[in-house]
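Student: I have a structure open and would like to work through it with you. Could we begin with the charged contacts and then turn to the rings and the core?

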Amino acid sequence: EQEQAMVTNYGKIQNVNLKHNFVLPFVSALAVFLLTPLVFNITSLQEKEVARPFEFLLSWMGVMLLTPIFLPEQNKDIRDVVRSKKIDYLKVCGIRMLYSVVTLMVLEALFAGMMLWRESAVAVTHLFGGIATSLFFGMIGFAAAGISENTTIGYMAAMLYYLANYGLKERLGDFFLFSMSTGDFAGKGWMIVGAIVLCVITFLWIRIKN
């Protein structure tokens with residue numbers, strides 16, 4: 001009975017999350033998705049050209065979806081209520097992250113399909129690279145927001161990192177956001193690793209602090 005009650009509580013919590021906490025991040029990510037074809041030509045593009053919309057604009061979907069994961073509990077009253085429950089707070093955040101990442105992957109795949117339909121030379125490597133870039137970029141905002149307990153700082157950190165990519169290409173190495181646009185796909189695997197490391201560090205920080 002206790003396990004069943006916990007499962008029921010999980011369902012209720014995630015239902016509330018989807019209704020009240022996920023709508024704005026999803027709408028923001030969708031706005032980036034819809035804006036990208038207006039800013040970049042997506043018709044009959046060659047390999048390097050295909051990478052540009054994925055890296056220069058579509059990657060912001062990761063920031064929109066992942067940075068606000070800790071936002072609800074940054075209200076002290078909500079945080080106190082959540083931490084008084086038996087269900088672990090970080091498990092709730094983990095579930096939020098799970099459906100945010102799934103949403104990100106679906107949007108990236110839809111965009112790749114749209115470019116393919118417009119006769120652009122989209123390959124699986126572009127889709128993987130786009131997802132990797134968005135995840136890593138989003139995790140920068142996620143980590144900054146979680147560690148600082150301030151979502152605004154998360155968005156600022158992401159913006160600063162994005163701007164740094166225009167002048168620090170050599171220093172960023174495998175974590176250069178726009179590497180696919182130069183024909184280099186090798187660093188995208190390291191971005192996945194980087195995203196996982198940032199996620200683990202953030203959760204450990206919050207666990208230790210609490």
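**Salt bridges, rings and core**

Tutor: A search of the whole structure, which is a predicted model, finds two salt bridges.

Student: Which side chains meet in the salt bridge at 2.8 Å, N to O?

Tutor: Those are the side chains of E55 and K188. The pair joins distant parts of the chain, with E55 in helix α3 and K188 in helix α10, 133 residues apart.

Student: Are E55 and K188 buried or exposed?

Tutor: E55 has a relative accessible area of 0%, so this residue is buried. K188 is at 1% relative accessibility and therefore also counts as buried, since the cut-off for buried is under 20%.

Student: And which residues form the salt bridge at 3.4 Å?

Tutor: That salt bridge is between the side chains of K209 and E149, at 3.4 Å from N to O. K209 belongs to helix α10 and E149 to the loop between α7 and α8, and the two are 60 residues apart.

Student: How accessible are K209 and E149?

Tutor: K209 has 49% relative accessibility, so K209 counts as partly exposed. E149 is at 36% and is likewise classed as partly exposed.

Student: Changing topic: what is the secondary structure of the chain?

Tutor: The chain has ten helices and zero strands. Of its 210 residues, 46% count as buried.

Student: Which residues have the most contacts inside the largest nonpolar core?

Tutor: They are W60 and M97, in a core of 54 residues. The elements that give two or more residues to this core are α2, α3, α4, α6, α7, α8 and α10.

Student: Which element gives the largest share of this core?

Tutor: Helix α6 does, with eleven residues. As general background, nonpolar side chains in soluble globular proteins tend to be buried together.

Student: Now the rings. How many aromatic pairs are there?

Tutor: The count comes to 18 aromatic pairs, with ring centres within 6.5 Å as the criterion. One of them is F33 with F111, which is edge-to-face at 5.8 Å centre to centre, with 80 degrees between the planes.

Student: Where do F33 and F111 lie?

Tutor: F33 is in helix α2, residues 23-39, and F111 is in helix α6, residues 89-117, so the pair ties together parts that are 78 residues apart in sequence. Both F33 and F111 are buried.

Student: Why is the pair of F70 and F203 called edge-to-face?

Tutor: The planes of F70 and F203 are at 75 degrees, with the ring centres 6.3 Å apart, so the pair is edge-to-face; the cut-off for that class is over 60 degrees. F70 sits in the loop between α4 and α5, whereas F203 is in helix α10, and this link spans 133 residues. F70 and F203 are both buried.

Student: Which rings are linked into a cluster?

Tutor: Ring pairs link F56, W60, F137, Y162, Y166, F176 and F178. W60, a member of this cluster, was named above for its contacts in the core. At F56, the charged end of R52 sits over the ring, 4.7 Å from the ring centre.

Student: How accessible is W205?

Tutor: W205, which is in helix α10, has 43% relative accessibility, so W205 counts as partly exposed.

Definitions and conventions
Residues numbered from 1 in each chain as written. Predicted model: local features only at pLDDT ≥ 70, side-chain atom pairs only at ≥ 80, totals over all residues. Heavy atoms only, no water. Phe/Tyr/Trp six-rings, centres within 6.5 Å; stacked < 30°, edge-to-face > 60°. Helix = DSSP H or I, 4+ residues; strand = E, 2+ residues; numbered from the N terminus. Buried < 20%, exposed > 50% of the residue type's maximum accessible area, 1.4 Å probe, protein only. Lys NZ or Arg CZ within 6 Å of the ring centre and 35° of its normal. Core = buried A, V, L, I, M, F, W, Y, C linked by side-chain atoms within 4.5 Å. Salt bridge = Lys/Arg side-chain N within 4 Å of Asp/Glu carboxyl O.
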